[in-house]
Amino acid sequence: MNTTKPDVRSYRFPKEEHLCRKKLIEELFGRGSSFGLYPLRLVWLSAASPTTAPPQVLVSVSKRSFKRAVDRNHLKRLLREAYRLNKYRLLEAEGGHLVDRLAIIYTGKEKKPFALVEKKLISGLERLLSDARPTAAPAG
């Protein structure tokens, strides 16, 4: 009887994957690349070599756009949930990925439904994979 479990995706988003250190955040925004995908903006810093380890992630919502903490917290919860459910797209990429740190910033001026936020985040992760593609070593 086979007692090994089949490979199962982990949909966790543990504390180790949260980007919290001020020095690392400053480096991300100082040296990182970015693109906008309304209502989101993704900023990432490339890793030295392809990896299948999850990147450290920062989720942010502007206090200028959403004065009430309740609204900011709700949107951050939506962003974290959308990332948690779809981070496998990044982790299971063919040949690994080159994303070391990632910031997901909500730039919209009004609250959007979860379905739209998730759809835009999926598009952003796919674009991130194409922009931060590991280059193959030249044969020779």
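Helices (H or I, at least four residues) and strands (E, at least two) are taken here as DSSP runs, numbered from the N terminus. The legends below use these element names for a predicted model.

View 1. The chain holds 4 helices and 4 strands. Along the sequence, these elements run in the pattern α-β-β-β-α-α-β-α. The C-alpha trace spans about 55 × 45 × 25 Å along its principal axes. Of the 140 residues in the chain, 39% are buried.

**View 2. A patch of positive charge on the surface.** Four residues gather in this patch: Lys63, Arg64, Lys67 and Lys109. Lys63 sits in the loop that runs between β3 (56-61) and α2 (69-86). Its relative accessibility is 59%, so Lys63 counts as exposed. The cut-off for that class is over 50% relative accessible area.

**View 3. A buried glycine in a loop.** Gly96 belongs to the loop between α3 (88-91) and β4 (97-106). Is Gly96 buried or exposed? Gly96 is buried, because its relative accessibility is 5% and the class takes in values under 20%.

**View 4. Tyr11 and Tyr88, an aromatic pair.** A pair of aromatic rings is described by the distance of the centres and the angle of the planes. The structure has 4 aromatic pairs. In one of them, the ring centres of Tyr11 and Tyr88 are 6.5 Å apart, with the planes at 80 degrees. The pair is therefore edge-to-face, as planes over 60 degrees apart fall in that class. Tyr11 and Tyr88 link distant parts of the chain, 77 residues apart. Tyr11 lies in the segment before α1 (22-31), whereas Tyr88 lies in helix α3. Tyr11 has a relative accessible area of 34%, so Tyr11 is partly exposed.

View 5. Side chains of opposite charge can pair when their charged atoms come close. The structure holds 10 salt bridges. In one of these, the side chains of Arg101 and Glu27 meet at 3.0 Å, N to O. Which elements does this pair link? Arg101 is in strand β4 and Glu27 is in helix α1, 74 residues apart. Arg101 has a relative accessible area of 8%, so Arg101 is buried. Glu27, at 27% relative accessibility, counts as partly exposed.

View 6. The side chains of Arg84 and Glu81 form a salt bridge at 2.8 Å, N to O. Both residues lie in helix α2. They are 3 residues apart, about one turn of the helix. Arg84 has a relative accessible area of 24%, so Arg84 is partly exposed. For Glu81 the value is 31%, so Glu81 is partly exposed.

**View 7. Lys112 and Glu110, a further salt bridge.** The side chains of Lys112 and Glu110 meet at 3.0 Å, N to O. How exposed is Glu110, and in which class does it fall? Glu110 counts as partly exposed, because its relative accessibility is 37%.

Technical notes:
Residues numbered from 1 in each chain as written. Predicted model: local features only at pLDDT ≥ 70, side-chain atom pairs only at ≥ 80, totals over all residues. Heavy atoms only, no water. Patch = residues over 30% accessible without salt bridge, like charges linked within 9 Å, V, L, I, M, F, W, Y side chains within 5 Å. Areas by Shrake-Rupley, 256 points an atom, 1.4 Å probe, with all protein chains shown as cover. Lys, Arg positive; Asp, Glu negative; His and termini not counted. Charge placed at Lys NZ, Arg CZ, Asp CG, Glu CD. Buried < 20%, exposed > 50% of the residue type's maximum accessible area, 1.4 Å probe, protein only. Phe/Tyr/Trp six-rings, centres within 6.5 Å; stacked < 30°, edge-to-face > 60°.
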